[in-house]
Amino acid sequence: MGTSYEFACPSCGYEANVCGGPDTGALVSVKTVTCLACAELVDVVTARHEWPPSADAHRAIGACPHCEGSDSVPWGPRASGASLSDDEFYALQDYGPCPKCHASMGLKPDGVTMLWD
Ligand SMILES: [Zn+2]
Ligand SMILES: [Zn+2]
């Protein structure tokens, strides 16, 4: 079961709903990256666990869902492999740089988390 979060940039208002790091669900593993081609925070697929492959299995491992680019850098407080408890995660002030203006992204106050599979 994967969880995604609503992140927002306090400087330019950019928002993204992503996992904030590597995460594994029932069907796929993903990680959050900054796509360098389209300057968006996106979750890219890092591994597939489903069999037989689902209809969207043509989506390449590591490809940006917006532009299909694979030029990206890992994003998020767990990107380095650090393990954070939920309390530690929610207490962070700086989750990673905004892909638009490079300010520190924060978690939205209404902190909606979404279970994605
Ligand atoms: Zn920004
Ligand atoms: Zn992209």
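Which residues does Val 42 touch, not counting residues up to four places away in sequence? Val 42 touches Val 18, Val 33, Cys 35, Cys 64, Pro 65 and His 66, where contact means C-beta atoms, placed from the backbone, within 7 Å. This is a predicted model, in which local features need pLDDT of at least 70, side-chain atom pairs count only at pLDDT 80 or more, and totals for chains, interfaces and linings use all residues. Residues are numbered from 1 along each chain as its sequence is written, while chains are lettered from A and ligands numbered from 1 in the order in which they are written.

- Buried means 20 or more other C-beta atoms within 10 Å of a residue's own, exposed 12 or fewer, and partly exposed in between, with C-beta atoms placed from the backbone.
- Strands (E, at least two residues) are DSSP runs numbered from the N terminus.

**Positive phi**
- Most residues other than glycine have a negative phi.
- Ala 39 has a positive phi of about 55° and lies in the loop between strand E4 (28–35) and strand E5 (40–48).
- Ala 39 is partly exposed, with 14 other C-beta atoms within 10 Å.
- Glu 68 has a positive phi near 65°, and its place is in the loop between E5 and strand E6 (72–74).
- Glu 68 counts as exposed, with 12 C-beta neighbours inside 10 Å.

Notes:
Helix = DSSP H or I, 4+ residues; strand = E, 2+ residues; numbered from the N terminus. Contact = placed C-beta atoms within 7 Å.
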